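Me: I should like to learn how to read helices, sheets and cores from a structure. May we work through this one together?

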Amino acid sequence: MSKARQNGLKAYVKNLFMRAMRPGLAPLHARLDRLEAELGLARQRAAKDRGELDYWRWLIKRGGSEKQHGEPFAVVFGRWQRHRLLKLAEYLGLPQDDRPGNIDEWCRARSVVEIGAGPYPAVAAAKKGWKRCVAVDPLARGYVEEGLLPSACEGVTYIEAQGEDVPLPSNFADLVVCENCLDHVSDPAAVVREMHRLLKPGGLVWFFVDLSDHRDYMHPHPMTEARVRELFEGFVLVGQELTPHKAHPKAHSGLRALLRKPAHAPEPAVVAPPRPATRGGVNGALPPAPRYALGGQEDAGAPVAREPEIKVSNGRAVGAPGR
Ligand SMILES: C[S@@+](CC[C@H](N)C(=O)[O-])C[C@H]1O[C@@H](n2cnc3c(N)ncnc32)[C@H](O)[C@@H]1O
């Protein structure tokens with residue numbers, strides 16, 4: 001056994017012995033343990049935030065976008081985020097062009113919160129803005145104060161906060177957007193609970209995450225399809241797809257989904273796998289609501305959904321700039 005390991009073990013046994021000898025100090029020890037755990041989490045978060053902000057500085061200020069993609073950051077991300085918004089239009093069965101009732105008019109009439117927004121959030125791609133539009137990110141201050149935001153973000157209010165604890169009232173939003181963020185946060189379940197709280201009954205979550213086995217300090221919670229389903233069990237799945245488009249080079253694919261907070265309490269848990277994505281075409285009407293076997297009331301008695309027949313192509317990632 002190495003010297004360091006021996007010393008660590010000795011300190012541990014000594015600590016246990018001291019605690020056993022002085023039971024009256026147990027509450028104090030418990031408090032110190034909690035403080036130590038909180039400090040550890042705070043240190044981890046600070047390291048993650050530094051790494052994340054350095055990446056964006058490099059991409060935006062130091063020309064990393066031109067090196068990687070041949071065009072400035074605002075152009076690359078503007079095109080990419082617009083594409084994501086048009087994808088939402090496709091899921092909602094709304095026109096993606098200038099016809100009445102298109103996605104931009106839909107956004108104009110709604111309140112949105114984007115969690116883990118980054119310096120060019122998807123919400124900034126709505127051409128007519130939103131009723132209310134809030135971007136939540138622990139790095140908000142850095143993004144704003146360092147001048148990293150493009151002009152498209154002028155109508156977006158940035159709040160510096162963790163997605164686990166968003167300082168906005170309940171039932172604030174018609175739509176919560178969470179793009180390429182849930183594997184970055186400290187507590188994914190707490191973030192999904194916040195999405196649920198922030199949404200009005202019947203409100204929607206527009207969601208994307210990498211599916212991956214790769215874990216590092218910036219991506220502490222690699223996601224699988226099963227884990228995502230478990231996290232969102234309080235929501236109804238409107239549609240989903242697996243896609244070769246992914247954000248991190250070590251991810252194997254991406255998961256795109258539209259989910260709905262149930263309109264009626266008590267809120268049901270989805271207990272069966274979701275059906276394949278049901279998406280309307282350009283002119284399509286709103287897709288029919290998918291049917292699930294539910295633990296609660298909504299659509300109870302519907303046939304049990306089958307495993308989605310979704311194929312992931314082996315093609316190279318082409319959508320999102322690599323991270
Ligand atoms: C990979 S970036 C994605 C940014 C943007 N959504 C996009 O797709 O371009 C992940 C973002 O999540 C943010 N983030 C990290 N931990 C978070 C947390 N606990 N709550 C909310 N956002 C977080 C990071 O600061 C960063 O801006």
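This is a predicted model: local features need pLDDT of at least 70, side-chain atom pairs count only at pLDDT 80 or more; totals for chains, interfaces and linings use all residues.

Me: Is α2 largely in the open or enclosed, and why?

Reply: A residue counts as buried if 20 or more other C-beta atoms lie within 10 Å of its own. In α2 the number of buried residues is three of 35, so the helix lies largely in the open.

Me: What span should α2 have, and what is the distance between its end C-alpha atoms?

Reply: At 1.5 Å a residue, the 35 residues of α2 (residues 26-60) should span 51 Å, and the end C-alpha atoms are 51 Å apart, which agrees. As a general idea, an α-helix has 3.6 residues a turn, so residues three or four places apart point the same way.

Me: Let us turn to the sheet. What is the order of its strands?

Reply: In a regular strand the side chains alternate between the two faces of the sheet. Here the sheet is open, with seven strands in the order β3-β2-β1-β4-β5-β7-β6 and mixed pairing. β3 (157-160) and β6 (236-243) stand at the edges, each with a single partner strand, so one side of each has no neighbour in the sheet. From one strand to the next, the twist averages 15°.

Me: How is strand β2 placed among its partners?

Reply: β2 pairs in the parallel sense with β1 (residues 111-115) over five bridges, and Val-113 has Val-134 in β2 as its bridge partner. Four bridges join β2 to β3, also running parallel, with Ala-135 opposite Tyr-158 in β3. Together, β2, helix α6 (residues 140-145) and β3 make a right-handed β-α-β unit.

Me: Is β2 largely enclosed or in the open, and why?

Reply: Five of the six residues of β2 (residues 132-137) are buried, so the strand is largely enclosed by the rest of the structure.

Me: Which residues touch the most other members of the largest nonpolar core?

Reply: Among its 69 residues, they are Val-123, Val-176, Cys-178, Met-195, Val-205 and Leu-259. Strand β5 (residues 199-211) gives the most to this core, with eight residues. Beyond its neighbours within four places in sequence, Val-123 is in contact with residues including Trp-130, Cys-133 and Ala-135.

Me: Is Pro-249 buried or exposed?

Reply: Pro-249, in the loop between β6 and β7 (253-260), has 11 C-beta neighbours inside 10 Å and therefore counts as exposed.

Terms used
Residues are numbered from 1 along each chain as its sequence is written. Helices (H or I, at least four residues) and strands (E, at least two) are DSSP runs, numbered from the N terminus. The expected span of a helix is 1.5 Å times one less than its number of residues. A residue is buried if 20 or more other C-beta atoms lie within 10 Å of its own, exposed if 12 or fewer, and partly exposed in between; C-beta atoms are placed from the backbone. A nonpolar core is a set of buried Ala, Val, Leu, Ile, Met, Phe, Trp, Tyr and Cys residues joined through C-beta atoms within 7 Å. Two residues are in contact if their C-beta atoms, placed from the backbone, lie within 7 Å. Two strands pair if DSSP finds at least two bridges between them. Axes are lines fitted to C-alpha atoms, for helices over the stretch in contact, and angles run from 0 to 180 degrees between N-to-C directions. A crossover is right-handed if, with the strands pointing away from the viewer, the path from the first strand over the helix to the second runs clockwise.
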